[in-house]
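Trainee: I have a structure to go through before the group meeting. Can you walk me through it?

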Amino acid sequence: MEKYLVSSSSKPCPNQPTTENEPSPNPSQIEPTVEIIFPESVIDLESQEPLKSPKKEIPETESVKRKAVKKSTVWEHFTKLKVGKNQEPRAACNYCGKSYASDTRRVGTSSMWGHLNNQCPKYPLRVLDKKQKLLSFEATNELSGALKAVIFNQNDCRAALCRMVVIDELPFRFVGGLGFRSFCAVLQSRFVIPSRMTIARDVVHLYNSEMEKLKKELTMNGQRVCLTTDCWTSNQQIPYLCLTVHYIDSDWCLKKRILNFVQISNHKGETIAKLIEDCLHKWGIEKVFTITVDNATANDVAVSILKRRVNGWEGSVLNGEYMHVRCCAHILNLIVSDGLKELHHSISSIRAAVRYIRLSTARVEKLSVCVAKEKIDFKGKLVLDVPTRWNSTYKMLEVALKCQKAFERYEEEDSKYLQYFLEEEGGKKKFGPPSKIDWANASRFVEFLHSFYQATLKFSATKSVTSNCFYLELGEIFNLLKNLALTNDSCFYDAQTVSNFILKVQTLLRTLYAFYSKGEREISPIPKSFTSPNTLQGTLLSAFMKQKEQTTFDESLNEVDRYLADESVNPLTPSFDTLFWWKQNSIKYPVLSLIARDVLAVPISTVASESAFILIKNCGNKTSDEKSSSPNSEPRHSNNLWQDITTARSDFYISPKVTLSSKKSSSTQKRKELEF
């Protein structure tokens, strides 16, 4: 029996069986049929018995009706609630739990969106009114700042993040850390955290913008600058050069910036001069007042070359006669080093005793017991010096002298103490133990070193004026040496020598005055303190008379004569500030104030440049050759050389290379470098 399905198609049913002898039907002769499909069976047309229906194959091109998908993103923040059959569908907020009608065909999703954007107190992505401001305390270094109105700004937050990376010396990958992103989500969820590549580009942009500001400031109103430079060789025997600029801005604030920190081929004077000249061209600097260097012969050659270059640019003062300044701290170091050679035996004995105590924690504790028994008021620790640094030797002797009696008592209680000095070190017998003569020599030498130590600290200052303290400190050291030589004459120089010095200073001051009076530089603007209404107190007349007293002077006298004849100010006055005094009197002495601005900016030591090398050696980030030992590794310079680039205490402007790769072991991640 042949079985057919009722179909609406004019084609034969695909499930119809055929016999081998039966010819194929003519499609034009087949009448259309109606297809009847039951859920689980089909009906035999003759017997009317249900037959098991074969599975219907659905072509790939035939569309399939699928389950509806929630398209609105509001359902990411709402969850449907289970309700009864006759109850209206509802959905609850995932943050606060408040429920709303959720029949989207009848009420839509407007009510739920309105809840998220206007009512939900815990929704983290709510968009506030862009014009609405919040009261907040201004961020300062002090405990509390001024109250001000603030508003969220994506660009400001991104700029602040860039400064944080620079100031705190953070790697660029820090912004991708899970902890930082979680913190930002709680602090301000609307802030879109940039990637490490974006932060790297922001740092480059920040450097370039600050560089343009500095170039404008260094060349504004014919600004003259003072330079310090020094060279350093790394552990890999690769030499580097650092160039620092010092100047006083229009507000009479002393500033210093590192203009360049580069690798050099050698320490020859011609090479140093060529690099400094290229750097001056890059920054547009033509007027150089002084160059401070140490006493190396190569620096003499470099300064002589640069003097000719600056004279050719017509940017020197008095043809560069006073351009070469030798590092005073380096000169003091040479003097002290000679003194250390004379007392080498005594200092070595005390150094060996300190080293013996510091080799064991038990010995340190035993010495502390001796200190307590001798009733010595000392709670610190022994200091072991670095033989090549006399300031550390001074600190070692200073601390050891406080514990002299404790050392003598320790010698009596520790039997191994004397045996330690009988041992040989490097084929030579050790010095010590320290005798009374050694302690006496150390006591006199510490008194000698104290003045040198204090003078070195003043000479090494980088954020305060140092050119005006050199003569006074030199006189203190001179008197000390004469007193140590058991002379009763405490005068620095005799009367004739003093008169010659005074005449020489007056002559030089008049020569500088004649040079600066040519009008090549603009007179500094009137300080704001003279025009601000806050400085005018009392009646209008009294305020006028007070200002007149500050600005009136005898026009018939020369500026230099008037300055020398005026009543002098005691520099020992508490809180006396030289720069502030010149700022207040710049109207009274318009030309001399220009001279003072250049002279007071002169650094008398190269510590400003040396500090960059110390940063590299002491910080976790090091220069490229010390950071990577393999020949195939790429250079990586530390961010600390130009930290605080936009703050008031910013010191560093250099051209480092920063590797943007965060994983050295990743073979698929390519290292990218940006040259600032």
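Trainee: Which residues of H8 meet H13?
Mentor: On the H8 side they are His 345, Ser 346, Ile 347, Ser 349 and Ile 350. They meet Asp 438, Trp 439, Asn 441, Ala 442 and Phe 445 of H13. Keep in mind that this is a predicted model.

Trainee: How do the axes of those two helices cross?
Mentor: Helix H8 covers residues 344-358 and helix H13 covers 436-459. Their axes come within 9 Å and cross at roughly 105°. An angle from 65 to 115 degrees counts as roughly perpendicular, so H8 is roughly perpendicular to H13.

Trainee: What classes of residue are in that contact of H8 with H13?
Mentor: Five nonpolar, four polar and one charged.

Trainee: And H8 with H10, what angle do they pack at?
Mentor: About 70°, with the axes 11 Å apart. H8 and H10 are therefore roughly perpendicular to each other as well.

Trainee: Which residues make that contact?
Mentor: H8 brings Ile 347, Ile 350, Arg 351 and Val 354. H10 brings Thr 393, Met 396, Leu 397 and Ala 400. By class, the contact of H8 with H10 has six nonpolar residues, one polar and one charged.

Trainee: Change of topic. In the largest nonpolar core, which residues touch the most other members?
Mentor: Leu 397 and Phe 407, out of 43 residues in that core.

Trainee: Which elements give two or more residues to it?
Mentor: Helices H7 (328-342), H8, H9 (361-373), H10 (390-402), H11 (404-413), H12 (415-422) and H13. H13 gives the most, with 10 residues.

Trainee: What does Phe 407 touch?
Mentor: Setting aside residues up to four places away in sequence, Phe 407 touches Ala 353, Val 354, Ile 357, Leu 367, Leu 382, Ala 400, Tyr 417 and Trp 439.

Trainee: Why would nonpolar side chains end up together?
Mentor: In soluble globular proteins, nonpolar side chains tend to be buried together.

Trainee: I marked Ile 477 in my notes. Buried or exposed?
Mentor: Ile 477 has 7% relative accessibility, and the cut-off for buried is under 20%, so Ile 477 counts as buried. It lies in helix H14, residues 470-484.

Trainee: What is Ile 477 in contact with?
Mentor: Beyond its neighbours within four places in sequence, Ile 477 contacts Leu 332, Ser 451, Phe 452 and Ala 455. Ile 477 and His 450 are 27 residues apart in sequence, with 9.8 Å between their C-alpha atoms.

Trainee: And Thr 233, where is that?
Mentor: In strand E8, residues 225-233. Thr 233 is partly exposed, at a relative accessible area of 33%. Leaving out residues up to four places away, it touches Ile 238, Pro 239 and His 267. The C-alpha atoms of Thr 233 and His 267 are separated by 9.5 Å, though the two are 34 residues apart along the chain.

Trainee: Which residues other than glycine have a positive phi?
Mentor: Trp 252 is one of them, with phi near 60°. It sits in the loop between strands E9 (239-248) and E10 (254-263), and it is buried at 6% relative accessible area. Asn 319 also has a positive phi of about 60°. Its loop runs between helix H6 (297-312) and strand E12 (324-326), and Asn 319 is exposed at 62%.

Trainee: Last thing. What is the mean pLDDT of the protein?
Mentor: 74, and 70% of the residues reach 70 or more. Confidence is highest in strand E11 (residues 288-293), at a mean of 93, and lowest in strand E16 (residues 673-675), at 31. Over residues 620-676 the pLDDT is below 50, yet that stretch has 152 contacts in the model beyond near neighbours in sequence.

Trainee: And how many helices and strands are there?
Mentor: The protein has 22 helices and 16 strands. Of its 676 residues, 36% are buried.

How values were computed:
Residues numbered from 1 in each chain as written. Predicted model: local features only at pLDDT ≥ 70, side-chain atom pairs only at ≥ 80, totals over all residues. Heavy atoms only, no water. pLDDT = per-residue confidence, 0-100. Helix = DSSP H or I, 4+ residues; strand = E, 2+ residues; numbered from the N terminus. Contact = heavy atoms within 4.5 Å. Axes fitted to C-alpha atoms, helices over the stretch in contact; angles between N-to-C directions. Parallel < 35°, antiparallel > 145°, perpendicular 65-115°, else oblique. Nonpolar A, V, L, I, M, F, W, Y, C, P; charged D, E, K, R; others polar. Buried < 20%, exposed > 50% of the residue type's maximum accessible area, 1.4 Å probe, protein only. Core = buried A, V, L, I, M, F, W, Y, C linked by side-chain atoms within 4.5 Å.
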